[in-house]
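The following exercises concern one protein structure. Each task is followed by a solution in steps.

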Amino acid sequence: MTDQRAPLDPVSASIADAGLVAILRAPTAASFAAVADVLVAAGVTALEITLTSQGALEAIAGLCRQLPDTVRVGAGTVLTDDDAKAAVDAGASFLVSPASVPITAGVPFYPGTFSPTEVLTAHRAGAPLIKLFPAGGLGPGYLKDLRGPLPGVRILPTGGIGLDDIAKWLEAGAVAVGVGGPLIGDAATGGSLTALAARARHAVDAVKYARS
């Protein structure tokens, strides 16, 4: 299989360029606006708002108004067409799912996969980016091995990835990395925004290091 990749859409291309997607998940999305401000100030330009967070749709709409046009705001944990429609109506510019579910969306959709068969199926179905989930237990070596026979896939590993793992995944061939808890920490539930800023700078620097 040769590495003949179709050109990416503008949203997926910007995520690939950024190399990092910050995943915001909390019991409530009430603090997501403040968290997003800190992340963006540190250089993060792609945010995934998980629909399991109470008030997620309102948060997506608010962030789309609040943040610069250069920041991509998407929805995560999209499991149904109803989820997809609600998220897109709120302003989400991309959708992410933990599984390979059939979703009809007017924006890029990144399905969740785990096995080589699932990855190849998603690739053949035209997914611009393919979420590898949960990636932490697999490790960057799994991705490197996967991309040997499947060099044309664009993988977005997510789940259980620490800040010190970001560069390793990118060096193994990830197009970008999704990071949630290790990056956001307790900032969305009243924790220190100063500490969040430091973690965000660490994450952004890790991307730069991997690509230098």
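**Exercise 1.** Determine how many salt bridges the structure has, and describe the side chains involved.

*Solution.* Step 1: a salt bridge is a side-chain nitrogen of Lys or Arg within 4 Å of a carboxyl oxygen of Asp or Glu; by this rule the count is one salt bridge. The model is a predicted one, in which local features need pLDDT of at least 70 and side-chain atom pairs count only at pLDDT 80 or more, while totals for chains, interfaces and linings use all residues. Residues are numbered from 1 along each chain as its sequence is written, and side-chain values use heavy atoms, with hydrogens and water left out.

Step 1: the partners are Asp89 and Lys85, at 2.8 Å from N to O. Step 3: both belong to helix H4 (residues 81–90) and lie four residues apart, about one turn of the helix. Helices (H or I, at least four residues) and strands (E, at least two) are DSSP runs, numbered from the N terminus. An α-helix has 3.6 residues a turn, so residues three or four places apart point the same way. Step 4: Asp89 and Lys85 are both exposed, where exposed means over 50% relative accessible area, buried under 20%, and partly exposed in between (1.4 Å probe, protein chains only).

**Exercise 2.** Examine the backbone at Thr77 and at Pro134.

*Solution.* Step 1: most residues other than glycine have a negative phi, and most peptide bonds are trans. Step 2: Thr77, although not a glycine, has a positive phi of about 55°. Thr77 is found in the loop between strand S3 (72–76) and H4, and its relative accessibility of 15% makes it count as buried. Step 3: the peptide bond from Phe133 to Pro134 is cis, with omega near -10°. Pro134 lies in the loop between strand S7 (130–132) and helix H6 (140–147).
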